[in-house]
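Q: Got a structure here that I'd like to go through. Can you take my questions as they come?

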Amino acid sequence: MGCTTILVGKNASFDGSTMVARTEDAPSGVFRAKKFVNVAPEEQPRKYKSVISKVEIDLPNNPVRYTAVPNAILDNGIWGQCGANEYNVSMSATETITSNERVLGADPLVDCGIGEEDIYTIVMPYIASAREGVTFLGNLLEKYGTYEMNGIAFQDENEIWWLETIGGHHWMARRVPDDSYVIMPNQLGIDKFDFDDAFGAKKEFMCSADLLDFVKKYHLDLSIGGDFNPRHAFGSRSDADHTYNTPRAWILQRYFNPTSNTYDGINADYRPDSDNLPWARIPEKKITVE
């Protein structure tokens, strides 16, 4: 199975905890052994250099202890992937997502930017909440850019935030509703965005400082008399999605909501190739670890 992330809000879980789980895949025929490490503050670099993009970043001088699951052999970089820090904040940082030609033409990817190799290591030691993780990474994306499309989960005791990159320098993030779960395959997934909240109270939504101007300038909003749908503006709906991505969201939503919709037949509410699978759903029963 390709990289698939499951996010569970605290009121949708069986014990009131927030839950994040995911798989990590690799290119066909490639398997990279991982290891589990505990990184002390004195072991954290103060000047970070990426192996893949060669980008160099000066890091803050106040890291905290954190765990990581890097590659066992570091010839291709650290790829810290996931873990938690001493503030009990966790993140998962190696989910590749999708975009479209309009977005990439307006804001091309950055060859010397940051990517999955780097993101966990340059963020995890410096954040004290999931919300802080969004803003910390967002600032790095706006400054350095990224060379790929990224989906990042941030988790603390009370909240889960999901961040998606848009082109080389833009990003948006949405808070997972407490009563809901989210299934994320390798594609841009957020299907609702409130710019008023993102540029105001930031209760449920956050984004890069000029995202609304970016959308207007390059005519990215495809809605007709309705609410802005970031999936239509920034995402993809290719044949590859319909065979590789949407079936994963479809089968797991079917598992957690087996009687809420019809999933089979020509008149099914949702099919493996549906582009309108909800991003967040309330499960039919509370979700357990197993």
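Q: Which residues is L163 in contact with, leaving aside its neighbours within four places in sequence?
A: With those neighbours left aside, L163 is in contact with V134, L137, L141, N150, G151, I152, F154, W171, M172 and A173. Contact here means heavy atoms within 4.5 Å.

Q: What am I looking at, and how is it numbered?
A: This is a predicted model, in which local features need pLDDT of at least 70 and side-chain atom pairs count only at pLDDT 80 or more, while totals for chains, interfaces and linings use all residues. Residues are numbered from 1 along each chain as its sequence is written, and side-chain values use heavy atoms, with hydrogens and water left out.

Q: Back to the core. How many residues does the largest nonpolar core have?
A: It has 31 residues, and those with the most contacts inside it are M91, I114, V123, L137, F154 and L163. A nonpolar core is a set of buried Ala, Val, Leu, Ile, Met, Phe, Trp, Tyr and Cys residues joined through side-chain atoms within 4.5 Å. Buried is under 20% relative accessible area, exposed is over 50%, and partly exposed is in between (1.4 Å probe, protein chains only).

Q: Which elements supply at least two residues of this core each?
A: Those are β6 (66-68), β8 (90-96), α2 (119-123), α3 (130-144), β9 (150-155), β10 (160-166) and β11 (170-175). The largest share, 6 residues, comes from α3. Helices (H or I, at least four residues) and strands (E, at least two) are DSSP runs numbered from the N terminus.

Q: What about a second core?
A: There is a separate one of 28 residues, which includes L7, M172, C207 and A233. In soluble globular proteins, nonpolar side chains tend to be buried together.

Q: Switching to charges. How many salt bridges are there in the whole structure?
A: A search of the whole structure gives 14. A salt bridge is a side-chain nitrogen of Lys or Arg within 4 Å of a carboxyl oxygen of Asp or Glu.

Q: What does E24 pair with?
A: E24 forms a salt bridge with K34, and the closest N and O atoms are 3.7 Å apart. E24 and K34 both lie in the loop between β2 (19-22) and β3 (37-39), so the pair ties together parts that are 10 residues apart in sequence.

Q: What is the distance for R254 and D264?
A: In that salt bridge the closest N and O atoms are 2.7 Å apart. The pair links distant parts of the chain, with R254 in helix α7 (residues 239-256) and D264 in the loop between α7 and β14 (280-281), 10 residues apart. R254 is partly exposed, with a relative accessible area of 27%.

Q: Which residues are linked in a network of salt bridges?
A: The network links R131, E159, R175, D178 and E204.

Q: Where is R22, and what does it touch?
A: R22 is in strand β2. Not counting residues up to four places away in sequence, R22 touches C3, T4, T5, Q81, S92, T94 and E95.

Q: Which polar contacts do the side chains make there?
A: The side chains of R22 and S92 are joined by a polar contact of 3.4 Å, and those of R22 and T94 by one of 2.8 Å. A polar contact is a pair of N or O atoms within 3.5 Å; within protein, one must be able to donate a hydrogen and the other to accept it, and residues adjacent in sequence count only if both atoms are side-chain atoms.

Q: What is the phi of W79?
A: It is positive, about 55 degrees, although W79 is not a glycine. W79 is in the loop between β6 and β7 (82-84), and is buried, with a relative accessible area of 16%.

Q: And K202?
A: K202 has a positive phi of about 60 degrees, and is not a glycine either. K202 sits in the loop between α4 (195-198) and β13 (205-207) and is partly exposed at 33% relative accessibility.

Q: Last topic, the overall chain. How many helices and strands are there?
A: The chain has 7 helices and 14 strands. Buried residues make up 53% of its 290 residues.
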